[in-house]
Amino acid sequence: MMKDEPLSLPDVPPDRSATTQGHVYERLRNAIMLGAIPPGTSLTMRGLAGLLGVSPTPVREAVRRLSSENAIQIKDNGRMTVPLMTLERFEELVALRVTVEVHSARRALPYVSDILIRKMTEIDEQMDYDVVRQDLDRLTLLNQTFHRMLYTANPAQASMPVVESIWLQLGPFQRQVITRVAEYYQIDRHKEILAALMNRNSAALERAIANDITDGVLRSGRSLLSMNG
């Protein structure tokens, strides 16, 4: 099913209202978004079904959906892989992420409450702890929660599906990048985001979001892809 080591997919609490097919999709999607499946990993229906403890039928539908989201590539010979990242695709995804997330943050700002800021501060403190522990799965999950909490403060938001689509496509490669991010992420941009929220400063918030993405992903990703290229 893959190149070297057996896969380990993070658990996702089942939704009682979800079908088996829906739960399989959510679990595979979560695994890809968190980077639990490395770029270039070969997959098979039978292998995934065995790993998830289900029949191939719900896996087939989940893979079809993930293929339409560019998270899984189905080749002409029927083989499936998590796509490798290229420098050009990486630059495009990061630029798109900056544009969409800056927009999302700006639109959410009028709806941000002091209670929300406290909740985001608590998440950021947990992330600081996970950086020391090098718990990369939890760090990635909390980072997504931090940003999602901000963007969904806007009751009319329509951008989260786009944001999560970008996270999904970046996830496998971003997991490789995050191990080296300390070399480039010298300023805690989350602290800047929180300060901008407290001051209700839209311009500062937009800069902090853009710099968070650029420092956290772009520079280290470029370096890694250049070395591999």
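Mentor: Start with handedness. A crossing is left-handed if the near helix is turned anticlockwise from the far one by less than a right angle, and right-handed if clockwise. Here, α1 and α3 cross in the right-handed sense. This is a predicted model: local features need pLDDT of at least 70, side-chain atom pairs count only at pLDDT 80 or more, and totals for chains, interfaces and linings use all residues. Residues are numbered from 1 along each chain as its sequence is written, and side-chain values use heavy atoms, without hydrogens and water.

Trainee: Which residues of α1 and α3 make the contact?

Mentor: Contact means heavy atoms within 4.5 Å. From α1 come T20, Q21, V24, Y25, L28, R29 and I32; from α3 come P58, V59, E61, A62, R65 and L66.

Trainee: At what angle do the axes of α1 and α3 cross?

Mentor: Axes are lines fitted to C-alpha atoms, for helices over the stretch in contact; angles run from 0 to 180 degrees between N-to-C directions. The axes of α1 (residues 20-34) and α3 (residues 56-68) cross at roughly 50° and come within 8 Å. Under 35 degrees is roughly parallel, over 145 roughly antiparallel, 65 to 115 roughly perpendicular, the rest oblique. So α1 and α3 are oblique to each other.

Trainee: How many helices and strands does the chain have?

Mentor: Helices (H or I, at least four residues) and strands (E, at least two) are DSSP runs, numbered from the N terminus. The chain has nine helices and three strands. Their order is α-β-α-α-β-β-α-α-α-α-α-α.

Trainee: What share of the chain is buried?

Mentor: Buried means under 20% relative accessible area (1.4 Å probe, protein chains only). Of the 229 residues, 47% qualify.

Note on methods: Buried < 20%, exposed > 50% of the residue type's maximum accessible area, 1.4 Å probe, protein only.
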